[in-house]
Amino acid sequence: MGRERRLLRKVLRTAACLLFSACTGERPEADISIVIGEADVLTKSELPDEEKISNVSFLIFDNYGRLEHSIYIDGAKTCQAKLLKGETYRIRAFINFGYRVKAQHIEDLTDLQFHLAYPDEYTDGIPMVADTETVNLNDSQIVLEPVRLMSRISIRMDRSRLSDNVSMEVSSVRIGNCPKRVAVFGKSRAESEDDCFTVGY
């Protein structure tokens with residue numbers, strides 16, 4: 001009877017060791033390239049350059065919304081990261097912000113606002129964001145589609161009532177009530193007069 005008990009304890013210890021080894025074994029990682037895709041630009045202006053990307057702040061969160069990786073790059077739109085296979089990740093990218101965006105949890109970005117400035121600050125590119133809710137690690141590359149934080153304004157001149165020999169030249173255009181800040185992932189609206197540059201640009 002005592003011999004059987006000792007044998008049973010030995011078997012249980014062996015099984016526990018095998019189970020512990022299986023649980024603590026290293027999980028396979030994948031080298032993933034995260035790329036900012038082409039911006040949805042209908043027209044191409046000379047200044048500011050609507051397609052220019054000067055810097056990107058990448059935030060990669062796990063399935064629970066906790067920060068996994070924080071990567072900031074200058075002069076490029078691609079970063080490399082090691083991610084666990086079989087896991088689900090959420091990625092946020094902040095383009096042309098000019099600084100590293102910090103957050104420990106994805107919910108920290110809910111109330112994030114970007115303070116706008118006109119017009120010289122955008123010679124380094126239009127501020128944009130990109131995000132994805134899930135990551136398919138079957139591919140070695142993830143492409144994020146950027147969305148600009150600023151509206152595009154087009155000006156058209158109706159010449160239908162003018163004679164053919166009449167020409168017009170626009171020297172400048174002033175736009176008033178420009179917003180001072182924008183909600184990065186939520187809806188934006190001006191709450192008071194102080195929320196806008198009333199003079200215009």
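**Salt bridges and an open sheet**

Aspartate 62 pairs with arginine 66 in a salt bridge, with 3.0 Å between the closest N and O atoms; the term stands for a side-chain nitrogen of Lys or Arg within 4 Å of a carboxyl oxygen of Asp or Glu. The model is a predicted one, so to speak of local features takes pLDDT of at least 70 and side-chain atom pairs count only at pLDDT 80 or more, while totals for chains, interfaces and linings use all residues. Residues are numbered from 1 along each chain as its sequence is written, and side-chain values use heavy atoms, leaving out hydrogens and water.

Aspartate 62 is buried, at 11% relative accessibility, and arginine 66 is partly exposed at 45% (buried is under 20% relative accessible area, exposed over 50%, partly exposed in between, with a 1.4 Å probe and protein chains only).

By the salt-bridge rule, the count is four. One of them joins lysine 82 and aspartate 31 at 2.6 Å, N to O. Lysine 82 sits in strand β4 (residues 78-84) and aspartate 31 in strand β1 (residues 29-36), so this pair ties together parts 51 residues apart in sequence. Strands here are DSSP runs of E, at least two residues, numbered from the N terminus. Lysine 82 is partly exposed at 47%, and aspartate 31 is exposed at 51%.

As for the sheet, five strands make an open one in the order β3-β2-β5-β7-β9, with antiparallel pairing (two strands pair if DSSP finds at least two bridges between them). Its edges are β3 (67-74) and β9 (147-148), each pairing on one side only. Strand β7 (residues 128-132) pairs with β9 over two bridges, and valine 129 stands opposite valine 147 in β9.

Notes: Helices (H or I, at least four residues) and strands (E, at least two) are DSSP runs, numbered from the N terminus.
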